[in-house]
Amino acid sequence: MRLTDTRTRRVEEIRPERSRRLTMYACGPTVYRSQHVGNLRTFVLGDLISRCAETLHGWSVELVQNITDVGHLADDTGIELAGEDKLLLAAREENRDPFEIARFYEAQFHEDCAALNIKPAARYPRASECIELIVDLISRLMDKQHAYVGADGSVYFDARSFPSYGAISGNRLEDLRAGHRQDAAELSAGKRFHADWALWKSAGANRQMVWDTAWGPGFPGWHIECSAMSLHYLGETFDIHTGGIDLRFPHHEDERAQSESAVGHEVVRHWVHGEHLLADGRKMAKSTGNVVLVRDVAERGFDPLAVRLFYLTGRYRQQMNLTWDAIAGADRRLRRWRTKVAAWAEAPSAAMAEDYVGRLREAFEDDLDTPTALVALADLEKDDAVPAGAKFETFAWVDRVLGLDLVRDVGKPVMAAELPDGAADLLQRRERARAAKDWAASDTLRDELTSLGVAVTDGPDGQTWTVS
RNA sequence: GGCGGGAUGGCCGAGUGGCUUAGGCAAGGGCCUGCAAAGCCCUGUACGCGGGUUCGAUUCCCGCUCCCGCCUCCA
């Protein structure tokens, strides 16, 4: 398996350190709002790596994904307003327990992942439940002189104590512009150097989500939880760390500095970053106002997995521009494939089409070249030389990587679908109308059946129907 | 100012020094149908701008323009 490593800036051969077990950490959601399809794109990236490892190599995958439910959550005001649970909104406005909010969005995150066929991680540690790990790690960094208590009582990491700072992002400490987006004085308060960052934030006036420590009451900084969790759950060396490209700096740079300063060597063997999903040509973000949620896709009548297929039409290292036309196109292709796969499943069984399997395998291995894999599938779909049974087996196999539920409709026509009330009668009347060549009545009845969710098709042997 | 990624036909999006210049969706034509839908077959339109290298560049080099992202909220 080859993947582009952000740190080495090259495509690297991935071999698990522990021969057949791939260890991976995926930066997870901050659960104070809904995850949008841009966030989900990155999670699908991790899922693709997992599925390739399992399906193509037979490796087991140990994936850990954090749930950030403390920290910068505390002073963020960006909560969803439209279509949200009113109780939740009230809780927020009345300054009720923020953990209620966190748990609500955490549950929603899992639902959205399930809708996109993202396989669950082995663990989803919550930051709020890893405070001990975090405090221990900060203590180690203090002991090793990589951290200090600032003038404001917060604990900071001393960026200049980590010589290879910038290895992932290409940034140089001396070139970073202090306070590029915020007031420099405010940001640097308590720090010795503007690029230092908080490991432990002093509670200040906050009363909720605050823990007591030797440095006083407070809460963890943004980056430290990932170091603490990954070191604890995956060990001092693990294979792959994924995340969105925006996390490359400062989040992953800082995480790397913390982890390596603590253990004294490189912890993450390969950093893999997914590019952004754009909408209207801009990064999808709440603040930009171009957010699309999984439920928005469903509400327009599209299968959420059309979004997953849409991701697959581009490479993970490229930005993609989301349009509803593109989603509609993916949705249509998805339906067509499912219908065909179901039809092929009825044919005599046959072994997989090995030449196509080879093409597919090679595409995935080549830095997750999913567009090329989809081309191979399009070719296979139309290849008359391949028996239907072999097409079925090959599509079923590849779906273990693609995760598109391509076999969803298999066996469906065999099962007797329940007709809605009155539909059987309409069908009988339509059959009589057709026999009498009363096309006007036939069309009216077809419309009525459609509104009941029964799709009628006319063929040489009369009408057939399916229930949607 | 530093760092990272782009600009391909109506839309999305691969890719390549020339060879049949992906694929999907849409569109146009056809088959099928009483008419549709679905399905099937066929068919266009392209490589941001200006130089250079080359027999030949969308692909390599130089310059330019524009776009997106990060520089301590960010997938």
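Biologist: Where is R9 found?
Modeller: R9 sits in the loop between β1 (2-5) and β2 (10-13). Strands here are DSSP runs of E with at least two residues, helices are runs of H or I with at least four, and both are numbered from the N terminus. Before we go on: this is a predicted model, in which local features need pLDDT of at least 70, side-chain atom pairs count only at pLDDT 80 or more, and totals for chains, interfaces and linings use all residues. Residues are numbered from 1 along each chain as its sequence is written, chains are lettered from A and ligands numbered from 1 in the order in which they are written, and side-chain values use heavy atoms, with hydrogens and water left out.

Biologist: Is R9 buried or exposed?
Modeller: R9 counts as exposed, at 52% relative accessibility. The cut-offs are under 20% relative accessible area for buried, over 50% for exposed and partly exposed in between, with a 1.4 Å probe and protein chains only.

Biologist: What is its phi?
Modeller: R9 has a positive phi of about 60°, and it is not a glycine. N117 also has a positive phi of about 60° without being a glycine; N117 lies in the loop between α3 (98-115) and α4. Most residues other than glycine have a negative phi, and most peptide bonds are trans.

Biologist: Which residues does a cis peptide bond join?
Modeller: F249 and P250, with omega about 0°. P250 is part of helix α7 (residues 248-263).

Biologist: Changing topic. How many residues are in the largest nonpolar core?
Modeller: That core has 76 residues, and those with the most contacts inside it are L3, V37, I49, Y311, F364 and L377. By core I mean a set of buried Ala, Val, Leu, Ile, Met, Phe, Trp, Tyr and Cys residues joined through side-chain atoms within 4.5 Å.

Biologist: Which helix gives the largest share of this core?
Modeller: Helix α1 (residues 37-57), with 10 residues. The core also draws at least three residues from each of domain 1 (2-274) and domain 2 (279-402), the bounds coming from an automatic or database domain assignment. Apart from it lies another core of 41 residues, among them Y25, I134, I168 and A257.

Biologist: What does L3 touch?
Modeller: Leaving out residues up to four places away in sequence, L3 touches a set including I49, I240, V272, Y316 and L368. Contact means heavy atoms within 4.5 Å.

Biologist: And T370, buried or exposed?
Modeller: T370 is buried, with a relative accessible area of 2%. T370 lies in helix α12 (residues 370-382), and its side chain reaches the backbone oxygen of G314 at 3.2 Å. Beyond four places in sequence, T370 touches L48, L312, G314 and F364.

Biologist: What does the side chain of S34 make a polar contact with?
Modeller: The side chain of Q108, at 2.6 Å. A polar contact is a pair of N or O atoms within 3.5 Å; within protein, one must be able to donate a hydrogen and the other to accept it, and residues adjacent in sequence count only if both atoms are side-chain atoms. S34 is in the loop between β3 (21-26) and α1, and is buried at 2% relative accessible area.

Biologist: Why is β3 largely enclosed?
Modeller: Because 5 of its 6 residues are buried. Strand β3 runs parallel to β4 (residues 60-65), joined by 6 bridges; L22 has V61 as its bridge partner in β4. Strands pair if DSSP finds at least two bridges between them.

Biologist: In what order do the 4 strands of the open sheet come?
Modeller: β5-β6-β7-β8, with antiparallel pairing. The edge strands, β5 (147-149) and β8 (218-220), each pair on one side only. The twist averages 20° from one strand to the next. Helix α4 (residues 131-143) packs on the sheet, touching β5, β6, β7 and β8, and its direction makes about 120° with that of β7. Axes are lines fitted to C-alpha atoms, for helices over the stretch in contact, and angles run from 0 to 180 degrees between N-to-C directions.

Biologist: Last one. How many helices and strands does chain A have?
Modeller: 15 helices and 15 strands. Buried residues make up 51% of the 468 residues in chain A.
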